Amino acid sequence: MSESGSASVRGFDLFVPTPEHALLAQTLREFVSREVEPQAAAHDRSERFNLVLFRHAGELGLLGVTLPEEYGGAGLDAIAAVQVCEALASSDPGFALSVLAHAVLFAQNLAVNGNELQKKHFLPDAASGAKIGGLCMTEPAVGTDVLALRTRAVRSGEGYVLDGVKTFITNGGVDEHTLGDAFIVYASTAPERISSFLVEKGMPGFRLGQKWKDKLGVRASFTAELVFDGVHVPLSHRLGDEGEGTLHMMRNLEVERLTLAAMSVGIAQRAVEVMVHHANERKTFGKPIREHGQIQRHIAESFAEYRAARTFVYDTARRIDLHTAGQRIDADATKLFASQVGKRAADSAIQVLGGYGYMGEYVVERLWRDAKLLEIGGGTLEAHHKNLTKDLTQDPARIRG
């Protein structure tokens, strides 16, 4: 390779590859420092979703970074979605999860799988934060086994009648008395055939069930049960053709898993920063604890894993196509690795801080609680093990990428 070619490669920034990404990174740094961080601990303790902050994120363009410009978005790529989730999760993973559920699970899902009228109706308000959306897949008796969904959509006249219960729905409500505004709902329309529907607040029979309280982590996100009791959904609110829901789900799960992995990277980054700061300030036996080998192991290994996970996440984001399916290997592998890195880094940070790390006034206790969800939500570690083994044994050539 020529010297100019080598310089070009060295000059490429995987994490901010274009001026648009650099501007987004600067906006996120300022937003997180000035607005997200000051409220994070309080909203975690009170288990309250910060709607005002959410709407300000919309005003800054952070809720529609991947949406087409004609609907109020920025028209950017998966790297931008990763930037948003990583930055927000470094301060408030609960708020980051609410943004992800709205921007990726609802809005990006609709942008890819909806028709023109549906996108014009829903996406501008989603991009601005005027309305909050979410995704309904999990049920009380059904999680990973999505083909066993019990929520039913039965054809009736010029539409469908929807019956069932969805649970663990992020953004299911704004508070205990107020539904979220719009949801993509996966329901069975025939044995082992899933279809996607847009359900809006105000449709008769659609109501907010229980709010899930006393969660281990991500408490600043609102998690609820949603009830569909004979909800009439017009044909205009079906996404795509009947039976296409599984394809819609697979496309969106790949992006979801990538952005959840980015949340883990944000948690790992913050955990490393906290333990390095503490190791410089804290002294034992007459010297800073950074000079003790046990502490050095926690810092060094956490940093190495964080950098590896971050590189993996952004490299996957660089190559992923937001509009197609078939990218499950990279998406699953990224989340499988990064989610464990985030939890280990938070655990190491607590160990480095000792008793202080166990206390609620220090951020690492909250990060540790929040990190666990990312080994479950959007696909469990065990689901990733199954998917990766299946895909790689069927096509060993993909091992080399």
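The sulfur of cysteine 136 has its closest cysteine sulfur in cysteine 85, at 19 Å, which is too far for a bond. A disulfide is a covalent bond between the sulfur atoms of two cysteines; the rule applied here requires a pair of cysteine sulfur atoms within 2.5 Å. By this rule the count is zero disulfides. The model is a predicted one, in which local features need pLDDT of at least 70, side-chain atom pairs count only at pLDDT 80 or more, and totals for chains, interfaces and linings use all residues. Residues are numbered from 1 along each chain as its sequence is written, and side-chain values use heavy atoms, with hydrogens and water left out.

**Cysteines**

- Cysteine 136 is buried (under 20% relative accessible area, with over 50% counting as exposed and the range in between as partly exposed, using a 1.4 Å probe and protein chains only), and its own relative accessible area is 0%.
- Cysteine 85 is also buried, at 3% relative accessibility.
- For the sulfur of cysteine 85, the closest cysteine sulfur is that of cysteine 136, 19 Å away and too far for a bond.

**Aromatic pairs**

- Rings of Phe, Tyr and Trp (its six-membered ring) pair if their centres lie within 6.5 Å; planes under 30 degrees apart are stacked, those over 60 are edge-to-face, and the rest are tilted.
- The count by this rule is nine aromatic pairs.
- One of them joins tyrosine 160 and phenylalanine 197 edge-to-face, with 4.9 Å from centre to centre and 65° between the planes.
- Tyrosine 160 belongs to strand E3 (residues 159–170) and phenylalanine 197 to strand E7 (residues 193–200), so this pair ties together parts that are 37 residues apart in sequence. Helices (H or I, at least four residues) and strands (E, at least two) are DSSP runs, numbered from the N terminus.
- Both partners are buried: tyrosine 160 has a relative accessible area of 1%, and phenylalanine 197 has one of 0%.
- The pair of phenylalanine 206 and phenylalanine 228 is stacked, because the ring centres are 4.9 Å apart and the planes lie at 10°.
- This pair links distant parts of the chain, with phenylalanine 206 in strand E8 and phenylalanine 228 in strand E9, 22 residues apart.
- Phenylalanine 206 is buried at 6% relative accessibility, and phenylalanine 228 is buried at 2%.
- One aromatic cluster is formed by Phe183, Phe206 and Phe228.

**A charge over a ring**

- The charged end of arginine 310 sits over the ring of phenylalanine 15, at 4.1 Å from the ring centre. Such a contact requires NZ of Lys or CZ of Arg within 6 Å of the ring centre and within 35 degrees of the ring normal.

**Residues in loops**

- Valine 218 has a positive phi of about 40° although it is not a glycine. Its place is in the loop between strand E8 (206–211) and strand E9 (223–234), and at 7% relative accessibility valine 218 counts as buried.
- Phenylalanine 285, likewise not a glycine, has a positive phi of about 55°. Its loop lies between strand E11 (283–284) and strand E12 (287–288), and phenylalanine 285 counts as exposed at 81% relative accessibility.
- Glycine 61 is located in the loop between helix H3 (51–59) and helix H4 (78–89). With a relative accessible area of 30%, glycine 61 is partly exposed.
- The C-alpha atoms of glycine 61 and glutamine 39 are separated by 20 Å, and the two residues are 22 residues apart along the chain.
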